[in-house]
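Visitor: I am new to this structure, and I would like to understand how its features come to be named as they are.
Guide: Then let us look at it together and take the terms one at a time.

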Amino acid sequence: MSGLEQKRERGLTPRVAICSHCPAGRSEGGDLVGIMPGPDILHWKCVTELGQRNDITSWFEPEVKSPPHIFLLLPCEAAEGKWGDDDLALLAGNVCQAQKLAEVDSELAAMLFSRLSEVSTAFQHSHREASIIRRRKVERMLSVRRRESQEGDCRKKASFAMGRHEDRIQHLRDLQIIEAYRERIKAESIASMLSQAITTHHTLYAMFGTTEFFEFVLKNPYGVQHTVTIETDNPELSVIVDSREWKHFKELTKTVTPLEEDMFHLHENLMPQVYLRPKETVYIPFKYQASTMEHGAMMQQGPTELTFRDGRKEAAAPWKSGGMQAKHIKVSFTTTGSSKPIAVLSVNVEFQPHVVDQTFRFYHPELTFLKKSIRLPPWHTLPGAPAGVPGGEPEMYVRCSDPNIICETKKMGPGEPQDIFLKVAGGPSPQIKRFFVAIYTDPFLAVPTQIWQFYLHSLQRVDVGCITGQLTRLSLVLRGTQAIRKVKAYSSQPQELKVDPEGIFILPANGVQDLHIGIRPQRPGSQFIYLNLVDVEYHQLISSWLVCVSCRQPLISKAFEIALAPGGGKGSNKRITYSNPYPTRRMYFLHTNRPDLLQFKEDSFEIGGGETYTIGLRFAPSQSAGEEEILIYINDREDKNEETFCVKVTYQ
């Protein structure tokens, strides 16, 4: 048995050490001990002294290195016999373990596995079709052979040799499959390696609003002139063809490279082309300007949390929860008349969070257009504005993160303010649309002066016409989600809009339920009241309404004038009378539009038909002189207005 087989019997793993140049060591006597590539390295004596690490005091790199294509190969016997793990650790960067092709290539492993499965399936199919008699005969024959195989060592060796022969046949078949597979992928692998040789990788860390600028060094590798077409698979990365823009970005980034006027000309399909002389090297300017952001449309609003395996929850960072994924952009430089590129640029774009200077929130009816005009502050008050601009005030430019939103500004006259015009299409309720607007003072949109964030809340519109002081009731339809939820309604004007049920209630899954609301406005005119239905457990927005209230003042039946002294810590008590115009006994309720100035002795009273009741009033003291008009609403049992009194209070 050979030395290699003996080592395999001991469980040693063959190893191969490869070096790109010759290391050398210095012994205690000062003599140099090195390894030189050559046929003698295969003998054990050539590595005996290097195996004794106690004789080596230092390692160094020789001044004259071997060429990069010369490698040092240690056979398995030498690596296992004389070089231990500690010795091979010195070449940690150049030592690797050989692996089978099936372990490296998953496609080849799938082919070999499919062949084994086909053999197994065919064997099972034939085994099922065999008859019972055939099985019995086979079992008897196997038992006879098993007994004969146990009679002597010779037959054992024969069966062992037969098994080895079957393994060799199996290995030959695998090698044939591997060889056919390698021939099939050879052209593809060579093309991939050649493509990697001409590919340059570049990483950009981009933010919304900021234009990223860089230059790519392109060289003509041929000895003849060529016209090169530059093609990119993403319009956000483009070539700067305008020399003025190129000069602007070079001054902004302080890039000291040559600039050539009119270097590019556009092809029919608007792809830039550049003419290169033999072996000429030029600088191609690129700019990356993100046209879209993760503005999105959120159907539910709530805090974003990260849940770990141990049940721990942590709030996610804004750029992690709503950030964009990295982009990969490929740029090809192809010569005219050829489909093979001379260079490839692979750009990896990593997005970074940006600064938000202001935030605006708009509440608008669903499925309608929001049209807004926002006045810009004077340009010299904006942070980051240039200190001095020749020719007066600079022109302002805007850019929106959502291409479906109309955002523009117009140049006004000298000294006139500028406005931003927005036209946004709202979605269904309760959708919340978020987008950004960047404001610039340079025409090339290099660096924004400010970035504004906008939220558009789409709400279900409910129009209500009512009378001040009178309660108007209506019902809203609630539709349940796929799960049971514990919800509560919240109003922007809780004094004027009441909901029933008022507290937390259960919203059944896929069910329909009514939410009763009552509106009692305190002043005439039009106003908007926001009503939200929120899941109190998960803090999610379930439904949202925009209640558009159009209110008018009731007819005043009586008017009173009262003079009170301003100041003082005590109020004033007054009385007025009210007669029941009905012949039956009635119940009445009292309300006022100024509960801060007027309080009733009793909020309700009951009188018989034709009788008169005295209403006790208590006026709160006023700290300043003036006049106030206070309305007193007298409503019936259904909270409908019967009469309205006007009390004009003069503080003097």
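**Cavity and strands**

Guide: The model shown here is predicted, and a search of the whole structure finds 1 cavity of 30 Å³ or more.

Visitor: What makes this a cavity and not a pocket?
Guide: A cavity is a set of points where a 1.4 Å probe fits but cannot get out, whereas a pocket is an open set. The largest cavity has a volume of about 30 Å³, and F362, L370, K372, L422, V424, F435, F454, Y455 and L456 line it. Two or more lining residues come from each of β20 (369-375), β23 (419-425) and β25 (450-467), with β25 giving the most, 3 residues.

Visitor: How many residues of that lining are nonpolar, and how many are charged?
Guide: The lining has 8 nonpolar residues, no polar ones and 1 charged residue; Lys counts as charged, and K372 is among the residues of the lining.

Visitor: Why is strand β8 called largely enclosed?
Guide: Buried means under 20% relative accessible area, and 6 of the 8 residues of β8 (residues 212-219) are buried, so the rest of the structure largely encloses this strand.

Visitor: How do you know that β8 and β13 pair?
Guide: Pairing requires at least two bridges, and β8 and β13 (residues 281-288) are joined in the antiparallel sense over 8 bridges, with F213 standing opposite K287 in β13.

Terms used:
Residues are numbered from 1 along each chain as its sequence is written. This is a predicted model: local features need pLDDT of at least 70, side-chain atom pairs count only at pLDDT 80 or more; totals for chains, interfaces and linings use all residues. Side-chain values use heavy atoms; hydrogens and water are left out. On a 1 Å grid over the protein atoms alone, a cavity is a set of points where a 1.4 Å probe fits but cannot get out, and a pocket is an open set with protein on both sides within 12 Å along at least five of seven lines; lining residues have an atom within 4 Å of a point. Grid points are joined across faces, edges and corners, and a volume is the space filled by probe spheres set on the points. Helices (H or I, at least four residues) and strands (E, at least two) are DSSP runs, numbered from the N terminus. Buried means under 20% relative accessible area, exposed over 50%, partly exposed in between (1.4 Å probe, protein chains only).
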